[in-house]
Amino acid sequence: MNIRSFNSMRWAFGFVIGAASLSLARPAFTAELDAAAGGEPPLFAQGLLVKFRASATDAELADALQRGGLRILRHLRSDDTVVVASSGLGIMRAIEAIDRHGAVEVVEPNWVYQHQVVSNDPRYTDGSLWGMYGDTSPVSQNTFGSQAAEAWANGNTGSDSVVIGIIDEGVDETHPDLVANLWSNPGEIPNNQIDDDGNGFVDDVRGWDFFHDDASTFDAADGDDHGTHVAGTIGATGGNGAGVVGVNWQVKMVVAKFLGPAGGSTADAVDAVNYLTALKKSGVNLVAINNSWGGGGYSTLLHGAINGAAREGILFVCAAGNSGRNNDRVASYPANYNTTQGPSPASYDAVIAVAALTSSGAKASYSNYGATTVDLGAPGSAILSTVPGGGYASYSGTSMATPHVTGGAGLYSASHPVATAVQIRNALLSSVAPTSSLTKKTSSVATGGRLDVSGF
Ligand SMILES: [Ca+2]
Ligand SMILES: [Ca+2]
Ligand SMILES: [Ca+2]
Ligand SMILES: [Ca+2]
């Protein structure tokens, strides 16, 4: 089956295509799966993802669709052989029906993910950027901070030539502490309804919104506060006499929005990863992707997409999760993916999983951990950062710890411009400070380690 015949096939059968916006947030389409037994948090999925074999005939394809009771809703933007489908059989029965079908390469739930924030402290706590402090940093100190302020004092405040990807909600591009540090696609003329750089995305100036499938990477109606907060920790503008500062005073952040108000799906996550990987292939100096989200089960297709990013030299920094669990026992995705395994693996593990610390060095009670599957801790509780409308707010979660580490990857790349992904990963994990609350809870050193970028 090639793409052309598949397309003609789907038209011949009258399938509904291009209904992405209709496929989301429909209660009847979203099913709670019982895959997580034993009191674990429930897993949710929005239909199925099906990847058809390139060799499948039209007759085999029709048979698979019939046996699975499948109704194709749309194709992935990044892979036309993968479809999002609903099934009258229900998700798990449909998977059983076609799992071994000759036309089907992969069939899996289209998992629903949530961001990994746990609380929203409405108090405006100006100046409480403990996550940026070090034990000898100027003005303010906190031993358990990322020590970024010590790197700044040594002359490294980041670089405009370093690009960081954010897969999350949207990011408020009008925020005065962010606008200077958001990526702008040099090959794309804004708002002319033309895909000037020919990458398949019309007017993708700041990135792309895979949730709505449009070019606006901030939607006030969706909130988009979580993504805006994450961006501020990676790279709110430093030295502008206003608001907060990120780990990087200057950097370029590209937005791949896939979380909507009710979460995001595997389908959109795969497209987001593949979009950023394609940017790297086209020459953008994309060093790392921040992933402050999770909640679904294992996905072969997402694992393959992350492996593709890893092969292009992109680190994939992930929140460990907020259910207080041991990820060595119950996997939390995407944090538990390992890019030396799965489809077309890379030669190194690009995934870095991050636990959250409080300002007194305790492992946050909500933070997942794992002596082999979680790499390091970072400041995660009571983190002040940017929110839409030009404001600031304090949030807590492994969502907030993760961008400290992603920001650290950017900071290291700024001072080591030719460093490979493996070298940046090693720098992050070999420089950690031993932390008693993380003993046997993270893998980075025997005693458990927390982020320390003071030497970057
Ligand atoms: Ca484009
Ligand atoms: Ca354009
Ligand atoms: Ca949008
Ligand atoms: Ca600022």
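**Figure 1. Asn191 in the loop between strand 7 and strand 8 of the predicted model**. Asn191 is exposed, because its relative accessible area is 64% (exposed means over 50%, buried under 20%, and partly exposed in between, with a 1.4 Å probe and protein chains only). Although Asn191 is not a glycine, its phi is positive, at about 60 degrees. The model is predicted, so local features need pLDDT of at least 70 and side-chain atom pairs count only at pLDDT 80 or more, whereas totals for chains, interfaces and linings use all residues. Residues are numbered from 1 along each chain as its sequence is written, chains are lettered from A and ligands numbered from 1 in the order in which they are written, and side-chain values use heavy atoms, with hydrogens and water left out.

**Figure 2. Site of the calcium ion (ligand 2)**. Protein donors at 2.1 to 2.4 Å are Glu188 (OE), Ile189 (O), Asn192 (OD1), Ile194 (O), Asp196 (OD) and Asp203 (OD); donors are N, O and S atoms within 2.8 Å of the metal (3.2 Å for Na, K and Ca), and sites may look incomplete because water is not among the atoms. Along the chain, these donors have the spacing E-I-x2-N-x1-I-x1-D-x6-D. The six donor atoms make angles of 68 to 174 degrees, and the site is irregular. Six donors count as octahedral if opposite donors are over 155 degrees apart and all others between 65 and 115; four count as square planar on those terms, or as tetrahedral if all angles lie between 85 and 135 degrees, and anything else is irregular. Glu188 counts as buried because its relative accessibility is 5%, whereas Asp196, at 30%, is partly exposed.

**Figure 3. Site of the calcium ion (ligand 3)**. The donor spacing is D-x4-D-x1-S-x2-D. Ser216 is partly exposed at 32% relative accessibility, while Asp219 is buried at 16%.

**Figure 4. Site of the calcium ion (ligand 4)**. Asp177 (OD), Asp177 (OD), Thr237 (O), Asn240 (OD1), Ala242 (O) and Val244 (O) coordinate the ion at 2.3 to 2.9 Å. Their spacing in the chain is D-x59-T-x2-N-x1-A-x1-V. This site is irregular, with angles of 48 to 169 degrees among its six donor atoms. Ala242 has a relative accessible area of 35% and is partly exposed; Val244, at 5%, is buried.

**Figure 5. Backbone geometry at Pro334 and Ala382**. The Tyr333 to Pro334 peptide bond is cis, with omega near 10 degrees. Pro334 belongs to the loop between strand 13 (315–319) and strand 14 (351–357). Ala382, in the loop between strand 15 (376–379) and strand 16 (383–387), has a positive phi near 55 degrees. With 37% relative accessible area, Ala382 is partly exposed.

**Figure 6. The largest nonpolar core, with Leu315 and Val405**. This core has 62 residues, and Leu315 and Val405 have the most contacts inside it; a nonpolar core is a set of buried Ala, Val, Leu, Ile, Met, Phe, Trp, Tyr and Cys residues joined through side-chain atoms within 4.5 Å. Helix 9 (residues 398–415) gives the most to the core, with seven residues. A second, separate core of 43 residues includes Val84, Tyr275, Leu276 and Tyr337.

Notes. Helices (H or I, at least four residues) and strands (E, at least two) are DSSP runs, numbered from the N terminus.
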